[in-house]
Amino acid sequence: MLTAHLPRTPIAHLPTPLEALPRLSERLGGPEIWIKRDDQTGLAGGGNKTRKLEYLVAAAQQAGARTLVTGGAPQSNHCRQTAAAAARAGLRAVLVLGGHAPNAATGNILLDRLLGAEIVWTGDAARDDVMAATVEREKSAGHQPYLIPYGGSNPIGASGYVAAVEELAGQLEPAGVSGFDYMVFASSSGGTHAGLALGARALDFQTSVLGISVDEPHAVLTERVARLATQTAELLNLEYSFAADDIRANADYLGEGYSIMGAPEMEAIRLFSECEGILLDPVYTGRAAAGMIGLIREGAFSSGERIIFWHTGGAAALFAPQYSERLADFNLAS
Ligand SMILES: *Cc1c(COP(=O)(O)O)cnc(C)c1O
């Protein structure tokens with residue numbers, strides 16, 4: 001294994017299933033679509049952060065930490081999975097969430113509470129400042145904090161997605177597929193994207209690793225992912241380096257911005273649910289699927305091509321009222 005020399009705490013249910021999506025493929029009338037079920041990584045709702053946390057928790061424990069500190073948006077899936085991983089490893093979790101405490105704890109915020117995490121709301125202060133202050137406070141209190149960056153996206157976390165590509169490589173023959181022309185997935189803090197790009201290169205996959213940007217312009221995202229992929233290669237003693245031009249991304253589906261669910265996301269959520277019984281989320285996978293569907297309709301893929309859609313999780317956010325109320329009333333055009 002490419003990551004064999006890194007410490008790893010096994011907390012995910014692996015391998016996640018690789019499945020064909022015949023009804024969705026037929027409905028969209030384009031390429032053959034498959035799915036990698038990283039929403040089924042097993043820990044408190046699952047998702048892509050669990051793969052990263054296997055390496056991050058091990059690094060924290062090796063450093064003697066007793067508390068994991070991280071941060072994100074109020075409905076952060078990363079924070080919820082960090083809280084679950086901490087519980088599992090016998091560590092404390094302190095989550096720095098942006099904004100003011102809502103009246104009701106719904107979706108991921110409810111789960112954060114059930115998982116025993118301490119939540120620090122930033123109010124109007126900058127999240128970076130509150131993260132730094134929280135680490136200092138935890139240090140002074142003797143809690144031995146370990147800071148996990150947003151999205152778990154550093155070289156240690158991204159290594160989880162290098163390992164994921166190796167996992168996928170072992171699933172191809174049993175599934176009866178030779179490979180995929182495209183990997184499509186939601187990309188934001190970049191760790192998933194960097195790990196997949198590096199893993200695909202190291203294993204010589206003939207695949208276009210195409211991240212659908214959730215919140216960043218193309219240039220910002222490709223720069224970020226290239227830098228992280230190069231740093232991850234260094235950590236894994238691999239002789240690869242990446243420039244922004246080596247990273248494939250599409251930033252045409254940003255809609256009204258981060259965490260704002262529009263009609264394309266609602267349509268994608270309904271299509272995956274109705275055709276395949278698979279729940280996407282309103283912020284990440286809904287947007288990535290909307291991007292994939294948009295690209296299929298634009299004719300970006302040819303009909304003989306095969307896509308693997310990495311389901312990165314997030315369905316807990318469906319139950320936050322800003323999404324659930326509008327989704328309940330949304331219907332597909334017939
Ligand atoms: C965090 C997240 C992503 C984005 O992954 P990054 O590695 O941060 O780019 C995608 N989907 C879901 C559901 C997430 O929670």
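Where is the place of Ala44? It is in the loop between β2 (32–37) and α2. Helices here are DSSP runs of H or I with at least four residues, strands are E runs of at least two, and both are numbered from the N terminus. Phi of Ala44 is near 50°, a positive value. Ala44 is partly exposed, at 33% relative accessibility. Buried means under 20%, exposed over 50%, partly exposed in between, with a 1.4 Å probe and protein chains only.

Some ground rules. This is a predicted model: local features need pLDDT of at least 70, side-chain atom pairs count only at pLDDT 80 or more, and totals for chains, interfaces and linings use all residues. Residues are numbered from 1 along each chain as its sequence is written, and side-chain values use heavy atoms, without hydrogens or water.

Next, polar contacts, meaning pairs of N or O atoms within 3.5 Å. A side-chain N or O atom of Lys49 lies 3.0 Å from a ligand oxygen. For the side chain of Asn77, the distance to a ligand oxygen is also 3.0 Å. Gly191 uses a polar backbone atom, 3.4 Å from a ligand oxygen. On its own the ligand has 380 Å² of accessible area (Shrake-Rupley, 1.4 Å probe), and the protein covers 98% of that.

Last, the backbone. Asn237 has a positive phi of about 55°. Asn237 sits in the loop between α8 (218–235) and β9 (248–250), and is exposed at 60%. The Leu14 to Pro15 peptide bond is cis, with omega near 0°.

Notes. A polar contact is a pair of N or O atoms within 3.5 Å; within protein, one must be able to donate a hydrogen and the other to accept it, and residues adjacent in sequence count only if both atoms are side-chain atoms.
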